[in-house]
Amino acid sequence: MTGAETEDDIPLGERKTVTDFCYLLDKSKQLFNGLRDLPQYGHKQWQSYFGRTFDVYTKLWKFQQQHRQVLDSRYGLRRWQIGEVASKIGQLYYHYYLRTSETSYLNEAFSFYSAIRQRSYYFQVNKEDRPELVVKKLRYYARYIVVCLLLNKMDLVKVLVKELSDEIEDYTQRFNTEDQLEWNLVLQEVAAFVEADPVVVLNDNNSVVVTSNRLQEGSVPPLEQGMVVGQLVLADALIIGNCNNQVKFSELTIDMFRMLQALEREPVNLAMQPSKQGTLEPNEKPAKRENPHKYLLYKPTFSQLFTFLSASFKELPANSVLLVYLSATGVFPTGNSDYEGPYDFGGVLTNTNRDVVNGETVQKRNQAQKEMHCLHPGDLFPFTRKPLFVIVDSSNSAAYKHFTNLFGQPLVCLLSPAVYPKSVQDQSQRGSLFTLFLYSPLLAFSSVCGLSSVQRGLWERAQEFLLKVYRDIGQMITQSRTIDQAFLQFFGDEFLRQLLIRFVFCSAALRLHKVFRESQSFPESYPELPKQDTVENSLLQKHIMELATMLDVQSLFWDDSLEAY
């Protein structure tokens, strides 16, 4: 309203427009703030609330578009306020992605975040003497960067990081705030995250090629006629990250980031879709769920981890699999025990920060007592009543070799090496080699051979060659007469088939590598794989030497296998 103008001077219709806008704005904020009170686990409780929130934001977004002129003149609507609404919608889509694991919602979040930047909604913020508005802008940048990382838009991430750095510098100089260190830490974390891949693929002009490692059409060998495998489907996955000193950004360690992508299909390219900017249709569900549902747990306490496990277990549909991925520091047993049971080998670390019981952390524990802040193999036993697929990437992964299949349901544990050669160990801050193999076998193979870059043409030839290797591994697994049936029961699911094939490739490659000498430096599994049929198969060894020759690193491998041919 202008200075001399009273409310009575404003036409009734315009006054109603402002009133309706204020109502929608208040309602949207109220619903958005209520999202944090929803349970993070369980599939049903949150959907209707999310639906209501989306509905109000849809109305609000369309309303401000239709009545922009009146809102500008009568309400004093600022561009940063429109940016705030768009940012909230981006956050809604991102959280919808987190709860459903459908990557199409990531694309929707990206389209709103992208529009904010293209239309400079936050541009005027820097001219106002209000630090809280600048913080909104900084948070928007941080959220936009997370979405771009998940969509592998690395070139854009680098541009956004530079812009965020300039914004932080301007913010700290103007307002002399106490949160300068926190924002600088955000910059350091994202810079380390972007540089985490140990090998880059280069074009002819030496520019970096961004490669995607999500499941793509044709990247997993199809089931062939005569392969007898189970019909189980991967429905739920818990991705747990609790490694000390590993690169992270926004409660996502690099190992978690890699594993979540290994459990997703490549999202539909935005360029292929008609733009739906300004329309919100979260209730349009894909006809068939594209990806398994995932929970991402960064440094959970034992009680949090157990709660999410229980919720997943409870809601697991018939003929479905629960996957538990543990990337965590090893916890080793302290005392000796006469009886070696499922709580006598230690396990992996759970967080203690928010879960101290009766001052337990300061008490000296009795040697006979077990470590409390640890996920022991025995803690997973109740969940083996349904098909369970476990991946443990830890210095104490060997604890999970001592599993027992009590209920006769399909059960497989893939276990990382417990000890790495020093040259590999030095790289551990940038993510585990074992998880890297499960995420991108060629990236891991190149890394363990000391390569820091590969030319694009060579990379594509090597990837093409690996497709043949994966087909052969698939046949080795399904044609083995001595393999445990659990592997075959999981082999029908595309995601689990890919993980099993990559696990065998990793195990075979490290067994031939000259630097990996100790048995503890090889991946293992429960149940054990028949070595002669899989990880020590002479045809697979020949393939690994061919790949090493292609990359000109054959001198790093034992080449006895070639002499047999």
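Which helix holds both Glu84 and Lys88, and how many residues apart are they? Both lie in helix 4 (residues 79-100), 4 residues apart, or about one turn of the helix. Helices (H or I, at least four residues) and strands (E, at least two) are DSSP runs, numbered from the N terminus.

This is a predicted model, in which local features need pLDDT of at least 70 and side-chain atom pairs count only at pLDDT 80 or more, while totals for chains, interfaces and linings use all residues. Residues are numbered from 1 along each chain as its sequence is written, and side-chain values use heavy atoms, with hydrogens and water left out.

**Salt bridges**

- A search of the whole structure finds 23 salt bridges, each defined as a side-chain nitrogen of Lys or Arg within 4 Å of a carboxyl oxygen of Asp or Glu.
- Glu84 and Lys88 form one of them, at 3.5 Å from N to O.
- Both Glu84 and Lys88 are buried; buried means under 20% relative accessible area, exposed over 50%, and partly exposed in between (1.4 Å probe, protein chains only).
- Arg265 and Glu494 form a salt bridge at 3.0 Å, N to O.
- This pair links distant parts of the chain, 229 residues apart: Arg265 is in the loop between helix 9 (254-262) and strand 4, and Glu494 is in helix 16 (residues 494-512).
- Glu494 counts as partly exposed because its relative accessibility is 26%.
- Lys370 and Asp344 form a salt bridge at 2.6 Å, N to O.
- Lys370 is partly exposed at 37% relative accessibility, whereas Asp344 is buried at 13%.
- Salt bridges that share partners join Glu84, Lys88 and Lys136 into one network.

**Backbone details**

- Asn152 is not a glycine, yet has a positive phi of about 60°.
- Asn152 is in the loop between helix 6 (131-150) and helix 7 (154-175), and is buried because its relative accessibility is 12%.
- Lys299, also a residue other than glycine, has a positive phi near 45°.
- Lys299 is in the loop between strand 4 (293-298) and helix 10 (302-315), and is partly exposed at 21%.
- The peptide bond from Tyr526 to Pro527 is cis, with omega near -5°.
- Pro527 is in the loop between strand 12 (524-526) and helix 17 (538-550).
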